[in-house]
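Visitor: I'm new to this structure. Could you take me through a close look at how its helices meet?

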Amino acid sequence: MAEDVLAAVRTAPGTTELRTFPMPTVPEDGALLKVEVAGICGTDVKMYGRPPFANPVIMGHENVGTIAHAGPAFTRRHGLVDGDRVFVEHYVGCFHCEWCHRGEYRHCENTDWRTNPEARRYGYTSAEHPFHLWGGFAQYMYLPWNAVLHKVPDGVSAELAGIVTPLSNGIEWALFAAGVGYESTVLIQGPGQQGLSQVVACKQAGASTIIVTGTTRDAARLRLARELGADHVVDIRRDDPLTVIKDITQGKGVDVVLDCTAGAGVAPVLLGVDALKRREGTMVIQGELAAFPDFPVKKVTEKAITIKSARGHSYRACELALAQLASGRFPLERLSTHTFGLDEVDRAIRAVAGEVEQDVVHVSLLPWSVAAR
Ligand SMILES: [Zn+2]
Ligand SMILES: [Zn+2]
């Protein structure tokens, strides 16, 4: 095995450097992952532009690879052997707190970088912590005993498995958080990788009406939404979305609104409140704004709206996402539109941000693809 590991390190806001780290000595209960694909999402755009702390970080929190070397205790605990392909969740729980015992390790303090500077979370943890390799924008990643792994089913390629994270979020938010099911009517705002994944989850669960909104520059993504099962797509620059939604639902409004927009300000929440049915609708939101002036709290309470927060994925959502990918029922490979090498992390993140490239849906980083150095 090589002595040095090549990694792309975020060293300052909007700045990446290629660095090498010594190959870690793997303890009995740890392992090394050879990273095949690291997916990039809107969170990376935020964390890259405005890092939450100054320490160097190997980003990459949506990681798929093969077990390169596992200690004997790791093998016993995880039932995995060298060569197995796995999806690694970015959460690294403690597995003895209340949240972990409930199976909700995504809420564990051990993985919460917002409140705990010692937290471990792939793609967010300082590369100065022991073992250094805490992100997928590197050729290898360190796996401690408490890494959460999902075996990738046979026949699912690494690149297709790169879609697991958005798809598991789709299942988590639409089905588990918002309760979409048979005959549900759903408004999905934003046709990016996250919105399209919600389309697949809602369709599979039996939603009867799926409406997806986007803007004029989303034309290709809105077409893909139709192919994945959306019943209606709305270009909000051309048509008034509320009028269209009311027409489609015979004036009733929708059961569920899922906000998968980025940088759209208060508009998606305001549209969601108006687009929901008369009583007891559910809206899943993503908080980008520190404050919401003139929040329509009266309307929200009068309509008895339930607002939930988009908050990652659970173990079960990941397993269901992998099963969905393995089924081949939806052309999910169509989501995977762009790949970049390890020396192109900056460009890859800017592609997700919409600054470079066209018709970007899902971007994958391939750490072993790197220009000759
Ligand atoms: Zn992500
Ligand atoms: Zn815990």
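Guide: A helix here is a DSSP run (H or I) of at least four residues, a strand a run (E) of at least two, and each kind is numbered from the N terminus; an axis is a line fitted to C-alpha atoms, for helices over the stretch in contact, with angles from 0 to 180 degrees between N-to-C directions. The model is predicted, so local features need pLDDT of at least 70 and side-chain atom pairs pLDDT 80 or more, while totals for chains, interfaces and linings use all residues, and side-chain values use heavy atoms, without hydrogens or water. Residues count from 1 along each chain, with chains lettered from A and ligands numbered from 1 in the order written.

Start with helix α8 (residues 241-248) and helix α9 (residues 267-275), whose axes come within 10 Å and cross at roughly 25°. Because of that angle, α8 is roughly parallel to α9 (under 35 degrees; over 145 is roughly antiparallel, 65 to 115 roughly perpendicular, the rest oblique). The crossing of this pair, α8 and α9, is right-handed (the near helix turned clockwise from the far one by less than a right angle; anticlockwise is left-handed). On the α8 side, P241, L242, I245 and K246 make the contact, and on the α9 side L271, D274 and A275; contact means heavy atoms within 4.5 Å.

Now look at α1 and helix α12 (residues 345-352), which pack at about 120° with their axes 8 Å apart. That angle makes α1 oblique to α12, and the crossing of α1 and α12 is left-handed. From α1, the residues G42, D44, V45 and Y48 meet D346, I349, R350 and V352 of α12.

The zinc ion (ligand 1) has C41 (SG), H61 (NE2) and E62 (OE) as protein donors, 2.0 to 2.2 Å away (donors are N, O and S atoms within 2.8 Å of the metal, 3.2 Å for Na, K and Ca; water is absent, so sites may look incomplete). C41 lies in the loop between β3 (31-40) and α1 (42-49), and H61 in the loop between α1 and β4 (62-70), so that this pair, 20 residues apart, links distant parts of the chain. Along the chain, the donors of this zinc ion (ligand 1) follow the spacing C-x19-H-E. C41 counts as buried because its relative accessibility is 13%, and H61 is buried at 5% (buried is under 20%, exposed over 50%, partly exposed in between, with a 1.4 Å probe and protein chains only).
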